[in-house]
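These are my notes from going through one model.

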Amino acid sequence: MTTAQPFLPAACPRLVIKIGSSLLVDPDGGVRRDWLASLVADIAARHAAGQRPVIVSSGAIALGAQRLGLPKRGRASVEDAQAAAATGQIALSQVWADLLGRHGLTAAQILVTLDDLEDRRRYLNASATLDRLLSLGVVPVINENDSVATTEIRFGDNDRLAARVAQAAGAGGVILLSDVDGLFSANPARDPDAAMIDRVERIDAAVLAMATADTASGMGSGGMASKLEAARIATGAGIALAIASGQHDHPLARFDSSGRGTLFVADRRGGARKAWLSGRLRVKGRILVDAGACAALRSGKSLLAAGVTGVEGLFARGDAVDVVGPDGAVLARGLIEYDSGDAARIAGRRSAAHADLLGYAPRAALIHRDHLVML
C-alpha cells in the first residue's frame with residue numbers, strides 16, 4: 001500500500017474504526033488506558049479535520065470477566081460471557097466517554113444484536129440513529145449486545161459487525177486495528193518467507209487461503225478469517241477496508257503516515273438495498289440451480305423455477321436465501337418469492353405448470369432480479 005488516501009477526511013467523511021479486545025485490554029483484564037488515550041487523540045484529530053468517526057469497540061467481556069473473577073476470560077460458557085458483558089460494558093463505556101470528553105467530544109453508546117442489522121426495518125432504524133448522531137458531531141461507540149446474544153444469534157466477532165455498521169452509517173471506509181500488520185501470504189510466525197499483501201483488489205480463493213486458523217489472540221473472538229469476511233461485506237457495499245496494526249501508540253496517525261497495512265479496494269456493484277442483502281450473515285435456506293440458471297443470473301435475469309434442481313431449508317416468502325450453482329459455490333443471494341414448500345413443488349417446472357401445482361396464480365419469478373445480488 002502506497003497511500004492511505006481512502007481514509008483521509010476529504011475522501012472519507014465517515015470512518016468506522018474497530019478495536020479488538022487484545023489491544024484495549026491487558027492480560028490482567030485492565031484497560032490499556034495510555035494506549036487508548038493515544039488512539040482517542042488520533043480520533044479527535046480526525047474529528048477536528050471534519051471526519052466523523054464511528055468506533056466499534058470490543059473489550060466488555062474481558063473487562064467484566066476480570067471484575068467478576070470468571071475463568072477463561074469470561075468465555076467458559078454463554079452464561080459467563082453474558083454476565084461478563086453486562087458488567088464490563090459499563091466500565092467500557094465510561095472509559096470511552098471519559099477519554100473522548102477530554103477532547104470536548106460527546107460519546108454515544110449503541111449496543112446491537114445480529115437481528116438489529118439483519119432485519120431490514122431495524123437496520124434502517126439503526127441507520128437513522130447513526131446518521132443523526134454523526135450530524136450532531138457525536139462519536140458513536142458500538143458493541144455487540146453480548147449480554148443477550150446467544151451462540152445461534154450473534155455476530156461472534158466485531159470485525160463483521162464493523163463492516164455492517166459501516167453500511168448502516170454510510171461510511172466510506174473501515175479500519176480494523178489488529179495485533180498484526182495486515183494480511184500475510186502465510187503465517188509470519190511460522191513462515192519466514194511470508195509476505196504482507198499491501199492491496200487486495202478482489203477477495204478470491206487465493207486470498208481466502210491466506211487466513212489461518214491460529215491468527216486469533218486469546219483475548220478476543222476474531223481472527224484473519226473474520227477480517228476477510230468483514231472485507232467481503234464492506235467492499236461489496238462500496239466501502240474500502242484496511243487491516244492495520246494497533247500495537248503502537250497513535251495507531252491511526254501511524255497508519256496515515258506509513259500506509260503500512262492491507263487495503264481491500266471497494267467494489268460498488270449495486271445499490272444500498274443489494275449491499276445490505278449481500279452483507280447478511282444469516283440466510284434461511286438454499287436454492288440449488290443448474291448451469292443454465294447460473295448463466296441467466298450472471299446476465300442479470302431473475303431466477304425462474306425451471307432452473308432449480310433442489311430446495312434446502314425452511315423459509316417463508318421474503319426470507320433471504322442463497323443460490324448455489326452445480327459446483328456447490330454460492331452464486332447469489334436473494335429474497336425468495338415463495339415459501340419452502342411451494343418452492344419445492346415448482347422446482348424444475350416451467351411457469352405454465354405452476355398454477356396447477358400450487359392452486360393459485362404463480363409469481364413472475366422464484367427470486368426477482370430486483371431482490372437478488374450476485375456474490
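I needed one convention before starting: a crossing is called right-handed if the near helix is turned clockwise from the far one by less than a right angle, and left-handed if anticlockwise. I also kept in mind that this is a predicted model.

**Entry 1: H2 and H4.** I applied the convention to helix H2 (residues 33–48) and helix H4 (residues 78–101), and the crossing came out right-handed. I found that their axes cross at roughly 55° and come within 9 Å.

From H2 they are Arg 33, Leu 36, Ala 37, Leu 39, Val 40 and Ile 43, and from H4 they are Val 95, Trp 96, Asp 98, Leu 99 and Leu 100. I sorted the residues of this contact into 9 nonpolar, no polar and 2 charged.

**Entry 2: Leu 36.** Is Leu 36 buried or exposed? I read a relative accessible area of 0%; the cut-off for buried is under 20%, so Leu 36 is buried. Leaving out residues up to four places away in sequence, I have Leu 36 touching Leu 24, Val 31, Val 95, Trp 96 and Leu 99. Of these, Val 95, Trp 96 and Leu 99 are also on the H4 side of the helix contact. I also noted the C-alpha to C-alpha distance from Leu 36 to Ile 19, which is 9.7 Å for a sequence separation of 17 residues.

**Entry 3: H3 and H4.** I went on to helix H3 (residues 60–68), whose axis comes within 6 Å of that of H4 and crosses it at roughly 100°. That angle falls in the 65 to 115 range, therefore I have H3 and H4 as roughly perpendicular to each other. On the H3 side the contact is made by Ala 60, Ile 61, Leu 63, Gly 64, Ala 65, Arg 67 and Leu 68. On the H4 side I listed Ala 81, Ala 83, Ala 84, Ala 85, Thr 87, Gly 88, Gln 89, Ala 91 and Leu 92. The residues of this contact divide into 11 nonpolar, 4 polar and 1 charged.

**Entry 4: backbone phi.** Most residues other than glycine have a negative phi. I noted Lys 72, which is not a glycine and has a positive phi of about 50°. I placed Lys 72 in the loop between H3 and H4, and it counts as exposed at 67% relative accessibility. I noted His 250 too, also not a glycine and with a positive phi of about 50°. His 250 lies in the loop between strand E7 (240–245) and helix H10 (251–258), and I logged it as partly exposed at 35% relative accessibility.

**Entry 5: Gly 261.** I found Gly 261 in the loop between H10 and strand E8 (262–264). Gly 261 is buried, at 0% relative accessible area. Its C-alpha is 9.9 Å from that of Leu 176, a residue 85 positions away along the chain.

**Entry 6: totals.** I counted 14 helices and 13 strands in the protein. Of its 375 residues, 49% count as buried. I put the accessible surface at about 16100 Å², with 50% of it on carbon and sulfur atoms. Among contacts with a separation of 6 or more, 74% are between residues 24 or more positions apart.

Note on methods: Residues are numbered from 1 along each chain as its sequence is written. This is a predicted model: local features need pLDDT of at least 70, side-chain atom pairs count only at pLDDT 80 or more; totals for chains, interfaces and linings use all residues. Side-chain values use heavy atoms; hydrogens and water are left out. Axes are lines fitted to C-alpha atoms, for helices over the stretch in contact, and angles run from 0 to 180 degrees between N-to-C directions. Helices (H or I, at least four residues) and strands (E, at least two) are DSSP runs, numbered from the N terminus. Contact means heavy atoms within 4.5 Å. Ala, Val, Leu, Ile, Met, Phe, Trp, Tyr, Cys and Pro count as nonpolar, Asp, Glu, Lys and Arg as charged, and the others, Gly among them, as polar. Buried means under 20% relative accessible area, exposed over 50%, partly exposed in between (1.4 Å probe, protein chains only). Accessible areas come from the Shrake-Rupley method with a 1.4 Å probe; for residues, only the protein chains shown count as cover. Angles under 35 degrees count as roughly parallel, over 145 as roughly antiparallel, 65 to 115 as roughly perpendicular and the rest as oblique.
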